[in-house]
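Subject: Structure handover

Hello,

Here is the structure I promised to pass on. Please have a look at it first, then read my notes below.

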Amino acid sequence: MQNASPIVLRCVQSSTYSEEGELPGATNTQATPTDEVLFQVESSGENDKPFYIECEAIGEPAPKYYWIKNGKKFEWQTYDDRISQQTGRGTLSISKPSDVDLGQYQCFAENQYGIANIELYGWPKPTVHWMYFYTNGGFKTINSSRMTLDPEGNLCSTSTTKYEYKYGNRVLLNVISSGVSAAQNKREPERQYVTRKNEVAYRGKQSELYCIYGGTMKENTLVKLVTVSGVQIILHQLERVRYVNKSIKSGVLTSSIIAAVPYFIKEPERANKAEDETVEFVCEAGGFPEPAIKWIHNGKPISEAPDNPRREVYKNKIIIRDLVKNDTGNYGCNATNSLGYVYKDVYVNVLSLAPEITEAPRDTQVVDNQDVNMTCKVLGAPNPIIKWIHNGKELTGGRYEIQENGDLLIRSVQFDHKGNYTCYAENKLGNTSASARLDVKRHTYITDGPENYEVEARRPATFRCNAVADETLNLEILWLKDDQPIDFDGEPRFVKTTDYSLTITKTIELDSGLYTCLAKTELDEVAAKAQLTVQDVPNPPSMKSVKCNVKDATISWTPMGDNRSPILYYIIQYNTSFTPEEWKDAYSHVPAAEMTYNIPPQPLGELHFPLCETKPEVPHKNPDNVKGEGDRPDNLVITWTPMPQIEHNAPGFKYRIYWKRDIPGKDYGEPKEIMDYRVDRYVVPNQPSFQQYRIKVVAANEMGDASVSPPEVIGPTTALLSWNPVPLDTVRGHFKGYKIKTWSDTSLNFKEIQVQEETRRLWSPISTLTLKTTLKCTFSITSTMVLPSETLSFDTPEGKPGEMQDLEAIPLGSSAFLLLWEKPDKPNGILTGYNIYYAEVDSSLKVDQQVPRNPQIKDPNKKSAKLGGLKPGTKYRIYISANTSVGESPQKFFIERQTKPVGLYPPSPPRFEYDVKKVGQTASVIVHWLPSQSGNPGSQFFVKYRKKGQSEYLKTEHEKNEDFLVVSGLEPATAYEFIVTSVDGDHYADSDPQEVNTYDVDGPTIKVSENVATAGWFIGMMLAIAFLLLLLIIVCIFKRNRGGKYAVHEREQANGRHDYPDEGGFHEYSQPLDNKSHGRASMGSEPKIGPESDTDSMAEYGDGDTGRFTEDGSFIGQYVPSNMKQLGNSGALQGANNNAMATYV
């Protein structure tokens, strides 16, 4: 049977449109047009402006069009060539609009299945212009606040001036002068135009209410935009105006009625249905007055449609049950009130189709843990039932989800999901199927991704990246910077090595950014990102201003960039008129947050930043480094650092030296004045030995003493050594003095002091002592061989430790660091531990308050600790200081490090060791966490344990700051199973379980369980056994080969013996061959009888003693004891033939 459809009417408001594929047997209005079409009528001197009345319908067979205008059939062909209809469409084209074209137009499209229609209005739009036209022929457009155009096109003027005319009908407006000034010419308001009292405003439209008054009033009109129930209303209100000697006048306001043409709240929708199904059309409309809804069937009111008992018609909906083929048709919803109407065409298309797969599934490859969608698009009516079959089994639930469109969605694919998949579609008219194969590959993952990196400029930076992919896929590793591929050819500093690492040979600040390692295959890709921060020295700050004040100079500057390394401080330098080429530090540690600073210029100096000249003043400081020592028993040497000229502040500079004995109530005496500023010492003679003094040095000039009080210094602070002189008559040689040698118990570095004086000098100082040290010294005479004196020992007092110089932080996961340090170079006493602090550094480089680590380090021998509980991806400043009993290091050493981002990689499985301890009647296990040395070690850990044989584990709290944890309260004499879990963010990794046995509390203490293969005692034992085996092998080889080393034949020939037979072989070892011989056989080819025994041969050399030779084969019988038994009588050769030769090896 041929497919057919009723008409679908399409009304478009432009010249182009898109059309979707339609099923046969359908009717619908594609778009609802506007209810008005405005056109402009041709007038003299203007170009033609054609307009179009759009109408288009679709259907099978193709529809025929006709038009109705103002209720009568419109024969557009009678309008010669001014009106035409587009080919294949119902659209009318009116090339030369005229007033006769005004009216109501209806387009009808008809085929054998129904009629669709649409209605429009065409209105000619009037144009009204007002202009000034002067008597002299000139004119101009009106642009005056006194002129207002009312909705009917009338021009209203609140007041007039001369030479104003109305152009159109050329009505002359003659303005007569009142004879008074404009300021005195007052007229009461006179109403010219007011919107009628009951103005109708339409929903969605703009409505203007006019209130125009004449008279000499204030030009202060309030314009307010109000939205009421979706209606925009412009209100023109006349403000109250006060006139001289007259009462207040007010304007008149009109009221408006808000109305609305019908509009759809819920539009009916077209439907494609199968037989025996139900279709429902819903139509809800709003408007004011409330619209009435009428249903249309195939272009006629529903009341005139053929009776259908399966059709139910309600006010706002139509329901048709148990559809049959003949129910195919067009339905329309018309909502009408007194202001207009709204109309929507829909259709029901009753189909009867066997299932047809329009888009079959295709063979697909996917990696595990991904979602995959297998396509199966099916067309059929009634709607087919779709099933999916995998390897012969129907799929239901779980990871499988059959979509409404028939596709199969498999969530988080696993390897057992691979195989053949069949899409099976069935309805009452038939069935069909299509199959495809799904292959599951291993997903790609990064085993060693790049990590955040900070590097100094001009140094290399390397990012590493290793990935693993399915062996059947091609793995490609790409590098991106800020999500853009890196051009290795265009930038030779970027090098991609054979192991996929990225190296930047000479970094610059612009290399900073986010670097991405992208591991990619044909099926998937995975990325790991890391931040590169290239730190360079900061750019020089820009000097904004220098303000020279009376007693100081205010400097302002602007930082020009820190080049990604936080500015720690600023250095302010200056030079003076005394040293114009030398720049000195005025302040070397100006806080980084400061942008202005006050510098106190020195009087009599010119500070060049820029030139600031100062007036003479007293010195602003006193000399530094004032000390009091003695180089003789009877003097006091006062030293200081000379003050440069820039600090003199006025002419007549001098030092005033004060000193006194450190006796309560004693006053300073007359000072000693030194006029040369370059002098750095003064010697006070004739002072008692080994006394303590109070000393101060004051700077002064012709303006007076320094403006600050000098500090009092107590001295001397050195050790004084005394000794008994050596009598000169005991000195063998020229006496040149004494030599003092000193050292400490912590260092064997000797220091020598030469005392080049006469023998009557009885003491000498030792300075620069190390705190809390046992110092040792000896005395000796220079240039003699006299032995030194006995060693003298004394202790220095304890002080605070010096600043530490070494600290490193290794990231542990994303929220912890492993801290490593070395002891301070100057402990200045007995160390009692270390203090560790940390503080966050925010994005503006502001350092938060220091937080102490809990607990602090109490073991002075410990050189590492874990700092946990930190925030991931956060920069921290980490401080460390040492402690003695006196206190903490005055200056904390610090570094800045950033924790890793959270959740990038799971931690690697850890290992652990343990000790079992007895605590009362229970046992405790001390678990030592041994994080992985490769990969991600994790930030913290906890312990899971259970009795052996139980199913549930008990868990401890997470340990964040230590690498050990105590599990207490365990039952004695019980077997437990322990697991240590490393944690990093939301990722966990368990160790291999270990069995832990707790003996009875009276039993032994279990030491740490360790693998025998890695135990130290086992390795040592194996090495010892290997060494003994090697030694045994060497001895055996030596014993096996030593007999051939002794050349007895040559020795006897050298001593005159030549009676050996001519046969070959080794004659000295030859012996008869018989079956009873147990000695060593001759190496010759024939049996031989030896000419003599070994005794005869030895008698010639051994003084008749045949047994005296050593085991190396030489005849040295004179050194062998005479009572040594002959070897022939030994048990080793019993039973041997008498003619056998005895061989010694």
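Rings of Phe, Tyr and Trp (its six-membered ring) count as a pair if their centres lie within 6.5 Å; planes under 30 degrees apart are stacked, those over 60 are edge-to-face, and the rest are tilted. Ring pairs of this kind join Tyr-453, Phe-463, Trp-479 and Tyr-515 into a cluster.

Some ground rules. This is a predicted model, where local features need pLDDT of at least 70, side-chain atom pairs count only at pLDDT 80 or more, and totals for chains, interfaces and linings use all residues. Residues are numbered from 1 along each chain as its sequence is written, and side-chain values use heavy atoms, with hydrogens and water left out.

Aromatic pairs

The count is 19 aromatic pairs. Take Trp-557 and Tyr-570: their ring centres are 5.3 Å apart and their planes stand at 65°, so this pair is edge-to-face. Trp-557 is in strand β52 (553-558) and Tyr-570 in strand β53 (569-574), so the pair ties together parts 13 residues apart in sequence. Strands here are DSSP runs (E, at least two residues), as helices are (H or I, at least four), numbered from the N terminus. Trp-557 is buried at 7% relative accessibility. Tyr-570 is buried too, at 10%. (Buried means under 20% relative accessible area, exposed over 50%, partly exposed in between, with a 1.4 Å probe and protein chains only.)

Tyr-976 and Phe-978 also pair edge-to-face, at 6.4 Å between centres and 75° between planes. Both are buried.

Salt bridges

The whole structure holds 37 salt bridges. (That is a side-chain nitrogen of Lys or Arg within 4 Å of a carboxyl oxygen of Asp or Glu.) Arg-493 bridges to Asp-511, with the closest N and O atoms 2.8 Å apart. Arg-493 is buried at 19%. Asp-511 is buried at 3%.

Arg-678 meets Asp-676 at 3.2 Å, N to O. Here Arg-678 is exposed at 61%, while Asp-676 is partly exposed at 31%.

There is also a network: salt bridges link Lys-654, Arg-656, Glu-673 and Asp-705.

Charges over rings

A charge sits over a ring if NZ of Lys or CZ of Arg is within 6 Å of the ring centre and within 35 degrees of the ring normal. Lys-660 lies over the face of Tyr-668, 4.6 Å from the ring centre. Lys-944 lies over the face of Tyr-953, at 5.7 Å.

Best wishes
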